[in-house]
Amino acid sequence: MNILPDFRTLRPASLNDAVAALAAGGEPLAGGTDLLPNLRRGLGKPETLVDLTGITGFAAVSVGADGTLRIGAGATLEAIAEDARIVESWPAVAHAASLVAGPSHRAAATLGGNLCQDTRCVFYNQSEWWRSGNGFCLKYEGDKCHVVVKSDRCYATYHGDVAPALMVLNASVEIVGSKGVRQIAIADLFRESGAEHLSLEAGEVLAAVLVPPATGWVAAYSKVRVRDAIDFPLAGVAVAMKRDGNVIAGLRLAITGTNSAPLMVPTDALWGRPWNDEAAEALTQAVRKVSNVLKTTVAGVKYRRRVLLAVARKQVDDLWSGK
Ligand SMILES: Cc1cc2nc3c(=O)[nH]c(=O)nc-3n(C[C@H](O)[C@H](O)[C@H](O)COP(=O)(O)OP(=O)(O)OC[C@H]3O[C@@H](n4cnc5c(N)ncnc54)[C@H](O)[C@@H]3O)c2cc1C
């Protein structure tokens, strides 16, 4: 890795000042656990970083009178994983946060940075020297995708762990920019394009995540990674389920680590049916259809595809049987 490039750092104390600094061309910096290693690889040359960690109240976690959980984008993953209210009522979110990277990353890494982290690829997360030997790539400084040659879009993969857990719980995100505040479903924060995977407009900042009460639902998140102590998901699956006697009264499933965005898998056809081999096969086909595993990680494509399908089925199996 290189030394960091020269840039100016601003540390505003209010969200308004942060938005003004971002509108003037700054780039957000939170825990820095994703952004700074990328900059040390020559991936980006920002003139100004806007450190969000000094914003008053940006890390606050609260539960409203209607039971909605509000997590400030500056809350660390460690704080989320250990928050008694989240562990008790939204355990899949706490668990997903606890599985990100290693303990020292989670102490600094924030929810906003986790959701907005860059997409990854074996042809992108390399030194400048390595990438130059390949003529760079479509995601940055080049004009060719080495994963899907002749492609007109980048296929780098999104590997965030927390997004799918929030998606199956119907969370939404609060976004603040110079035009004001807007709220969108968390799934709409993402676009399936490796080079432009966020729908944030220039200068906008993710301010908070809102998770409705999950009464009656059980949810869980599982990931597969090379090193269990510290690694991105090669495949990750979040499931939320509502069981009514012998039928599935509700089922939502989201995947990560396989496409350029975390994606919901359509499961409506399984609602009202029992969970059995036939339903499991239908679920497997639905996950297969949405996923697009390509050669973007060091782990083999066939392995990642198979493990994704196996984890999806097992996750639903476990929730169905109350594990
Ligand atoms: C060895 C290693 C292992 C890792 N393993 C995992 C893993 O298993 N799972 C996983 O999900 N991640 C992993 N990561 C990536 C990273 O550590 C986490 O995603 C972390 O949560 C990023 O948060 P941060 O606050 O450090 O983000 P930063 O690095 O500060 O920012 C990341 C990106 O988000 C933008 N950003 C930050 N906050 C906001 C905001 N509020 N609004 C808009 N944009 C914002 C920044 O501009 C930047 O582009 C790993 C990283 C390393 C180095």
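This is a predicted model: local features need pLDDT of at least 70, side-chain atom pairs count only at pLDDT 80 or more; totals for chains, interfaces and linings use all residues.

Student: What are the helix and strand counts of the protein?

Tutor: The protein contains eleven helices and twelve strands. The C-alpha trace spans about 60 × 50 × 35 Å along its principal axes.

Student: What share of the residues is buried?

Tutor: A residue counts as buried when its relative accessible area is under 20%. Buried residues account for 53% of the 323 residues in the protein. As for the accessible surface, the total is about 14,700 Å², and 53% of that belongs to carbon and sulfur atoms.

Student: How many of the contacts join residues 24 or more positions apart?

Tutor: Among contacts with a separation of 6 or more, 64% are between residues 24 or more positions apart.

Student: Which domains does the domain assignment give?

Tutor: Domain 1 is made of 57-116 + 157-211, and domain 2 covers 218-320. The contact between them takes 26 residues from domain 1 and 28 residues from domain 2. Their centres, taken over C-alpha atoms, are separated by 20 Å.

Student: Let us turn to the strands. In which sense do β10 and β11 pair?

Tutor: To read a pairing, one notes its sense, its bridges and the turn that joins the strands. Strand β10 (residues 235-244) pairs with β11 in the antiparallel sense, over nine bridges.

Student: Which strand pairs with β11 over three bridges?

Tutor: That is strand β12 (residues 263-265), which pairs with β11 in the antiparallel sense. Here I255 has L263 of β12 as its bridge partner. The hairpin of β11 and β12 has six residues between the strands, and G257 there takes a positive phi near 80 degrees.

Student: Why is strand β11 described as largely enclosed?

Tutor: Eight of the ten residues of β11 (residues 247-256) are buried, so the strand is largely enclosed by the rest of the structure. As a general idea, side chains in a regular strand alternate between the two faces of the sheet.

Student: How many bridges link β6 and β7?

Tutor: Strand β6 (residues 172-177) and β7 are paired over six bridges, in the antiparallel sense. E174 has Q183 of β7 as its bridge partner. The two strands form a hairpin with two residues between them.

Student: How should I read a positive phi in a residue that is not a glycine?

Tutor: Most residues other than glycine have a negative phi. In this model, F136 has a positive phi of about 55 degrees although it is not a glycine. F136 lies in the loop between α8 (128-133) and α9 (162-168). E141 is found in the loop between α8 and α9 as well. E141 also has a positive phi, of about 70 degrees, and is not a glycine. At a relative accessible area of 40%, E141 is partly exposed.

Student: How many disulfides does the count give?

Tutor: A disulfide is a covalent bond between the sulfur atoms of two cysteines. To find one in a model, one looks for a pair of cysteine sulfur atoms within 2.5 Å. By this rule the count is zero disulfides. For C137, the nearest cysteine sulfur is that of C154, 6.2 Å away, and C137 is in no disulfide. For C154, the nearest cysteine sulfur is that of C145, 6.1 Å away, and C154 is in no disulfide either.

Student: Is C137 buried or exposed?

Tutor: C137 counts as buried, because its relative accessibility is 7%. C154 likewise counts as buried, at 7% relative accessibility.

How values were computed:
Residues are numbered from 1 along each chain as its sequence is written. Side-chain values use heavy atoms; hydrogens and water are left out. Buried means under 20% relative accessible area, exposed over 50%, partly exposed in between (1.4 Å probe, protein chains only). Helices (H or I, at least four residues) and strands (E, at least two) are DSSP runs, numbered from the N terminus. Two strands pair if DSSP finds at least two bridges between them. Contact means heavy atoms within 4.5 Å. Accessible areas come from the Shrake-Rupley method with a 1.4 Å probe; for residues, only the protein chains shown count as cover. Domain bounds come from an automatic or database domain assignment.
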